[in-house]
Amino acid sequence: MKTEAGNFLTMRQVLYHLYMSLFEELQIQYGLTQMEINILLRLANNPQLDTAAQLVEAGKLSKSQVSMAVDHLVKAGFLQRRMEGRRIHLQLQSSALEIVEEGKRRQRIFGDAVLHGISSEERDQLNTQLEELKEAAKKA
């Protein structure tokens with residue numbers, strides 16, 4: 001019999017592989033890594049998170065990975081760095097809009113696939129429980 005920890009890890013792996021499979025074609029088409037696509041989507045979905053430090057914190061990512069990804073996205077013309085005081089803000093460029101829209105579409109496909117057959121009430125309960133689990137994991 002599986003433990004809760006085993007169930008969580010199995011679920012994480014299944015969800016991770018599903019999500020990654022949805023983005024493989026997009027990575028190849030644009031020559032981007034999943035990290036780079038995730039950064040573009042995070043900037044589009046959360047415009048208030050527009051510095052590398054905020055991206056690191058929000059995504060629990062390594063500074064070096066974010067730095068390398070941002071450098072590549074700037075060189076590719078998908079992002080622009082903008083100085084504002086002592087902070088460097090990241091701004092999506094119009095050349096990234098097609099990638100962002102396709103990425104958002106794939107995120108919706110992911111959400112629809114994972115939540116298929118789950119009622120609105122059950123989704124609300126699930127979101128509450130996931131928040132509680134996240135907080136418990138942070139405290140641990």
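Let me start with Tyr19 and Phe23, which both sit in helix 1, residues 4-30, and are four residues apart, about one turn of the helix; helices here are DSSP runs of H or I with at least four residues, numbered from the N terminus. What we are looking at is a predicted model, in which local features need pLDDT of at least 70 and side-chain atom pairs count only at pLDDT 80 or more, while totals for chains, interfaces and linings use all residues. Residues are numbered from 1 along each chain as its sequence is written, and side-chain values use heavy atoms, with hydrogens and water left out.

A pair of aromatic rings is described by the distance of the centres and the angle of the planes. Rings of Phe, Tyr and Trp (its six-membered ring) pair if their centres lie within 6.5 Å, and planes under 30 degrees apart count as stacked, over 60 as edge-to-face and the rest as tilted. By this rule the count comes to two aromatic pairs. One of them is Tyr19 with Phe23, a tilted pair at 4.7 Å centre to centre with 35° between the planes.

How are the rings of Tyr19 and Phe110 arranged? Their centres are 5.2 Å apart and their planes are at 90°, so this pair is edge-to-face. The pair links distant parts of the chain, since Tyr19 lies in helix 1 and Phe110 in helix 5, residues 97-115, 91 residues apart.

Tyr19 counts as buried because its relative accessibility is 18%, where buried means under 20% relative accessible area, exposed over 50% and partly exposed in between, with a 1.4 Å probe and protein chains only. Taken together, Tyr19, Phe23 and Phe110 form one aromatic cluster.

Definitions and conventions: Helices (H or I, at least four residues) and strands (E, at least two) are DSSP runs, numbered from the N terminus.
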